[in-house]
Amino acid sequence: MLELRHRGSCPGPRETESLPHREGEAAGGDHETESTSDKETDIDDRYGDLDSRTDSDIPEIPPSSDRTPEILKKALSGLSSRWKNWWIRGILTLTMISLFFLIIYMGSFMLMLLVLGIQVKCFHEIITIGYRVYHSYDLPWFRTLSWYFLLCVNYFFYGETVADYFATFVQREEQLQFLIRYHRFISFALYLAGFCMFVLSLVKKHYRLQFYMFAWTHVTLLITVTQSHLVIQNLFEGMIWFLVPISSVICNDITAYLFGFFFGRTPLIKLSPKKTWEGFIGGFFSTVVFGFIAAYVLSKYQYFVCPVEYRSDVNSFVTECEPSELFQLQTYSLPPFLKAVLRQERVSLYPFQIHSIALSTFASLIGPFGGFFASGFKRAFKIKDFANTIPGHGGIMDRFDCQYLMATFVHVYITSFIRGPNPSKVLQQLLVLQPEQQLNIYKTLKTHLIEKGILQPALKV
């Protein structure tokens, strides 16, 4: 991001080039050229040479206060800072994992609320960085419009989810039918209102900076809202598509830290000096093994493998179904090199375990690049963490920077290799249609089944 140049700084390229030109002119020369140069100089003075900024021009954000509980500080006071941070991170990590298990036990709806809460907090942390860096400019309506656009985008995405997965519930509520029918138009109208408010908020000497902040808000929305929507889409395919990818990223984060802490010697990337090759490689193998085992355990239970559906008769989410072939044990012949190692020719596996290898590999090899990207962002603005929400860990965004990249991959993986027609979803869409439309579809389907020989034609009396 760039900011306005202070008055009195070195002249820009236009100013420097215009001086020799004017000195070389004879008296009574081209006044039009001189007037044009004066206008350009005035524009540079008003708006500043924003493109000439270097990293040293970025104002530093004051360091966050230490929010570590006093009881932990006293208990760990005798340790070195390295081991003190290790224990704080470990204790808080176990606490967060325990809370995560509790939310899983509470069901899919609570997981959706958790995703929404994380999304809002991540958005808040990124927007707050922008506000602190450019606070001296006192940009009008910046934070208000940022939160307004967050509301608009969430209304659009979650409205699409309601229309897609809760069709039977919407059909019973007349008010919701109106909102769903004109959902996209309402969403667009809400966004246009925010767009117009932004244009009206433009003020002199801050135009370019305000457009930078407009772009800042929209990129933040792309990172947080869009990705969290994909997480919920994955959850509806079955809780296992939510848990295995997320737990793989968590496992990779923990094991890479442990391997790096105890064995790390070789730096991995300059953006994150503490990351090492030993931690990266150790995290990869640990994550693949963990994902394979987790997939085996979770594939046994309908609660995790069945698609999440809303049942209007019980007014709640249900996870009951006949598991697909993906979650039924299959017998596979082992390749020759594994036969020698395992000393058996065949093995029984859930097909999802094979897919879990792809998910774990991405989580451990590509997922960390989300963290490297976040590290580059923090270095650009001279901050250690996005916030100080979690002692020893930083902000929520510091813990979920890799999760968003993982969510996109899982969604693409499901749509490319897994997802097929969903009969229950088609039925929900049919129930929303008018009776005449339902009857036409019934007649067309009946004719099609008769032509294929599945149904016998009715005998004419």
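**Salt bridges and helices**

Mentor: Let's start with one residue. Asp253 counts as partly exposed, at 31% relative accessibility. Keep in mind that this is a predicted model.

Trainee: Which residue forms a salt bridge with Asp253?

Mentor: Arg399 does, with the closest N and O atoms 3.0 Å apart. Arg399 lies in helix H17 (residues 396-418) and Asp253 in helix H11, so the pair ties together parts 146 residues apart in sequence.

Trainee: Is Arg399 buried or exposed?

Mentor: Arg399 is buried, with a relative accessible area of 19%. The cut-off for buried is under 20%.

Trainee: How many salt bridges does the structure hold?

Mentor: It holds 3. Another one joins Asp398 and Lys378, with the closest N and O atoms 2.7 Å apart. Asp398 lies in helix H17 and Lys378 in helix H16 (residues 368-380), so this pair ties together parts 20 residues apart in sequence.

Trainee: What about burial for Asp398 and Lys378?

Mentor: Asp398 counts as buried, at 6% relative accessibility. Lys378 is buried too, with a relative accessible area of 11%.

Trainee: Which side chain does Arg184 meet in a salt bridge?

Mentor: That of Glu160, at 3.0 Å, N to O. Arg184 lies in helix H9 and Glu160 in helix H6, so the link ties together parts 24 residues apart in sequence. Arg184 counts as exposed, at 56% relative accessibility. Glu160 is partly exposed, at 23% relative accessible area.

Trainee: Stay on H9. How many residues does it have, and how far does it reach?

Mentor: H9 covers residues 183-200, which is 18 residues. From first C-alpha to last it reaches 26 Å, close to the 26 Å expected at 1.5 Å a residue.

Trainee: Which residues of H9 are buried?

Mentor: His183, Ser187, Gly194 and Phe198. They cover an arc of only 50° around the axis, which puts them on the same side of H9. Phe185 and Leu200 are exposed on the other side.

Trainee: What do the buried residues of H9 pack against?

Mentor: Three helices: H6 (142-165), H8 (174-181) and H10 (207-236).

Trainee: Okay, H10 then. What does Thr220 touch?

Mentor: Thr220 sits in helix H10. Leaving out residues up to four places away in sequence, Thr220 touches Phe123, Ile126, Ile127 and Val225. Thr220 is buried, with a relative accessible area of 3%.

Trainee: And Gln233, buried or exposed?

Mentor: Gln233 is buried, with a relative accessible area of 11%. Gln233 is also found in helix H10. With residues up to four places away in sequence left out, Gln233 touches Thr161, Tyr165 and His411.

Trainee: Change of topic: the surface. Which residues make the nonpolar patch?

Mentor: Leu79, Trp83, Trp87, Ile91, Leu258, Phe262 and Phe263, over about 630 Å². Helix H4 (81-106) and helix H11 (239-263) each supply at least two residues of the patch. Trp87 is in helix H4. Trp87 is partly exposed, with a relative accessible area of 41%.

Trainee: Last one. What is the secondary structure of the protein?

Mentor: It comes to 19 helices and 6 strands. As for contacts between residues at least 6 apart in sequence, 71% join residues at least 24 apart.

Key: Residues numbered from 1 in each chain as written. Predicted model: local features only at pLDDT ≥ 70, side-chain atom pairs only at ≥ 80, totals over all residues. Heavy atoms only, no water. Helix = DSSP H or I, 4+ residues; strand = E, 2+ residues; numbered from the N terminus. Expected span 1.5 Å × (residues − 1). Buried < 20%, exposed > 50% of the residue type's maximum accessible area, 1.4 Å probe, protein only. Arc of directions from axis to C-beta. Contact = heavy atoms within 4.5 Å. Patch = residues over 30% accessible without salt bridge, like charges linked within 9 Å, V, L, I, M, F, W, Y side chains within 5 Å. Areas by Shrake-Rupley, 256 points an atom, 1.4 Å probe, with all protein chains shown as cover. Salt bridge = Lys/Arg side-chain N within 4 Å of Asp/Glu carboxyl O.
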